[in-house]
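Here is a short briefing for a reader who is meeting this structure for the first time. Please keep the sequence and the model in view while reading the points below.

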Amino acid sequence: MGLLGPGMAYLWLGPRNLPRTLKLDWRLVAVRWVGIIFVAPGLSLMDLDARHRVAAYLLLLFAACYNLTVHRMVSQQVAVPTIGIVTTVADSVLNLAMLIILSNGFDSPFAYFLFSMIVSVAMRYGYGPAVVMTAIFAGSDALDSALTDNPLGSTFVFFVGFLFITAMLASYLREEARHAELALQERLRQASLLNEATAALGASLELESVLEAVTAAAGCLFDGASAVLQPSATLKDVGAPPAPVWYSEPPSGGAADLLALCAHYASLPAGVGPGCYDAVPLPSGQPALVLRFNLATRQTGMATLALQLPTGTRGSPPAGDVIESFVDRAALALENAYLYRSLAGRSNDLQRAYSDLADAHQELLSVDAMKTNFLANVSHELRTPLTSIRSFSELLLSYDDPSVRQEFLEIIRSESERLTRLVSDVLDVTKIESGYMDWHMEVVDLPTFLRESARVFEPMLAERGLAFRQDIGADLPAAYADHDRLQQVLANLLTNAMKFTPRGVIQLQARQVGDEVWISVADTGIGIALEDQERIFEKFQQVGAMLTDKPQGTGLGLAICRDIVAHHKGRLWVASQPNEGSVFTFAIPTVAAADAALPLSAVA
């Protein structure tokens with residue numbers, strides 16, 4: 001029993017590699033074997049004389065040999081193009097011969113096998129051959145009745161009628177099966193075309209590549225139709241919307257019509273209007289199809305695609321569910337591309353934000369380090385004069401010598417002035433940064449201002465043995481400035497020049513350059529290394545090792561000078577070489593330039 005099932009299946013279905021064109025012939029072989037098996041014992045039960053019985057069995061033996069030959073040809077897949085016609089004619093001849101031998105025509109039980117013959121002809125060739133075969137069987141029986149003087153009865157009429165009905169029904173079933181097969185083949189063709197068209201949609205996540213792939217896939221799916229895809233301009237986080245993407249761009253008139261279709265359907269909300277596709281005619285009368293790719297999660301339109309369908313396409317146009325499947329696949333690819341671009345943009349933003357935070361962190365660390373150095377420096381600088389004042393005050397109480405007491409008082413006064421300067425610098429920085437610095441802007445006569453400032457420093461420079469040269473033009477224009485703050489800048493530059501110039505020359509120079517006046521303080525001192533020339537203008541910065549070889553001060557002087565000059569719309573810079581001296585220059589606008597930059601109320 002275990003082998004019976006597979007054996008019967010093989011006899012009916014045939015080998016696995018059997019071509020589809022031979023499957024019907026294989027099954028007709030099986031039907032013939034069934035007929036032979038049933039006819040063989042049936043002949044022995046019929047009322048036949050010996051001559052007719054022998055003839056019938058010989059014909060049945062010939063039929064078995066014929067069926068065995070057909071079986072071998074089909075199993076070996078012998079290429080006989082007309083095998084169906086040959087077997088149909090042979091089957092018909094064998095059936096007619098058997099009816100003649102049995103001599104009873106349609107009254108014979110064997111006549112029922114004609115129904116299987118009519119069904120096989122109808123399954124092979126349809127209405128016409130099946131009806132012709134029925135007519136041949138009916139004519140043969142009528143001829144046999146005429147030759148044997150047997151009148152035709154009701155059996156003949158009913159039998160022929162049932163043969164015609166069988167032929168019509170079997171042919172109809174063949175036609176329906178053929179239509180269903182063609183429909184299935186068309187569906188398979190469309191499904192294959194859909195898979196082929198959408199195979200490249202997931203090959204890339206770059207938005208431009210996906211847009212081109214979707215447009216090309218639509219053109220391929222609709223048999224080379226002209227198509228344009230217009231990305232939506234309403235999506236966020238994707239930057240500027242890409243330009244329309246064309247596939248087989250039509251002439252200018254058709255291109256404008258397709259773009260107008262895209263614009264119209266793109267203006268409709270995602271839940272309004274037709275579904276994911278709509279068939280509409282173009283102004284030229286050609287059929288067109290509009291596909292809408294929406295972001296299902298947010299009911300947001302991602303893109304709109306318009307196709308100008310060509311005429312005379314192969315096969316039938318894609319079915320509605322095929323179009324919907326294409327739209328779903330394309331929408332998924334577009335959504336992935338949009339999300340990828342959005343995530344890439346946000347990733348770049350995060351990287352920039354992280355970089356900014358890292359820079360800010362480094363700046364904070366730098367500021368913290370500067371403040372730490374500042375506190376250490378200020379603590380040291382403040383402690384030094386305070387310690388001197390306290391020490392000499394105590395010594396002053398124990399000495400009665402007027403000359404010694406006078407010397408101690410001078411030291412106390414000097415250290416007090418130094419302490420005052422330190423505190424003033426710190427207060428100036430605080431006021432400038434908080435915006436509470438008081439500015440008294442006025443017209444300053446620069447030649448007079450510079451000579452008066454230089455006169456203050458001449459004795460100190462002479463005392464240190466330094467030569468002091470002045471190059472101040474008498475025709476310098478006036479400047480709109482704060483006299484005291486400008487003097488603070490010049491005093492700081494001259495004081496620094498004295499500190500860093502053990503011997504040599506200090507020169508004060510002023511000249512007009514365009515709409516500015518350049519004021520320079522040059523020295524022949526120790527100079528400044530190139531890597532330190534920007535750092536010295538920062539707050540709390542000094543050149544030299546902390547608490548050892550730096551000059552006295554807080555490192556705020558040049559930073560204050562820079563801020564004061566910047567408030568005057570000017571600039572401050574240095575040019576220096578180690579061991580060759582330095583030149584500090586600040587430029588401020590003249591009165592005319594300052595008036596042009598200031599509002600009328602300020603000038604008034």
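A residue is called buried under 20% relative accessible area, exposed over 50%, and partly exposed in between (1.4 Å probe, protein chains only). The model is predicted, and for that reason local features need pLDDT of at least 70 and side-chain atom pairs count only at pLDDT 80 or more, while totals for chains, interfaces and linings use all residues. Residues are numbered from 1 along each chain as its sequence is written, and side-chain values use heavy atoms, with hydrogens and water left out. Helices (H or I, at least four residues) and strands (E, at least two) are DSSP runs, numbered from the N terminus.

**Salt bridges**

- A salt bridge is a side-chain nitrogen of Lys or Arg within 4 Å of a carboxyl oxygen of Asp or Glu, and by this rule the count comes to 9.
- One of them joins R32 and D91, whose closest N and O atoms are 2.9 Å apart; the pair links distant parts of the chain, with R32 in helix α2 (residues 23-45) and D91 in helix α4, 59 residues apart.
- R32 is buried because its relative accessible area is 13%, and D91 counts as buried because its relative accessibility is 11%.
- R189 forms a salt bridge with E186, the closest N and O atoms being 2.7 Å apart, and because the two are 3 residues apart in helix α7 (residues 154-198), about one helical turn separates them.
- Of this pair, R189 counts as partly exposed at 27% relative accessibility, whereas E186 is buried at 17%.
- A salt bridge is also formed by D563 and R562, with the closest N and O atoms 3.5 Å apart, and R562 counts as partly exposed at 29% relative accessibility.

**Nonpolar surface patch**

- Patches are made of residues with over 30% relative accessible area and no salt bridge, in which like charges are joined within 9 Å and nonpolar side chains (Val, Leu, Ile, Met, Phe, Trp, Tyr) within 5 Å.
- I85, V89, V93 and Y125 make a nonpolar surface patch of about 350 Å², the accessible areas coming from the Shrake-Rupley method with a 1.4 Å probe, where for residues only the protein chains shown count as cover.
- Helix α4 (residues 83-102) gives the most to this patch, with 3 residues; V89 is found in α4 and is partly exposed, with a relative accessible area of 48%.

**Helix α12**

- Helix α12 (residues 446-463) has 18 residues and reaches 26 Å from its first C-alpha to its last, close to the 26 Å expected at 1.5 Å a residue, where the expected span is 1.5 Å times one less than the number of residues.
- α12 bends by about 35° at F457, and the proline P459 follows within four residues; the bend is the angle between axes fitted to the seven residues ending at a residue and the seven starting there.
- The buried residues of α12 include L446, F449, L450 and F457, and the helix is followed by G465, whose phi is positive, near 80°.

**Positive phi in loops**

- Most residues other than glycine have a negative phi.
- K569, although not a glycine, has a positive phi of about 65°; K569 lies in the loop between α14 (557-567) and β11 (571-577) and is exposed, with a relative accessible area of 64%.
- N579 is not a glycine either and has a positive phi of about 70°; N579 sits in the loop between β11 and β12 (581-589) and is exposed at 69% relative accessible area.
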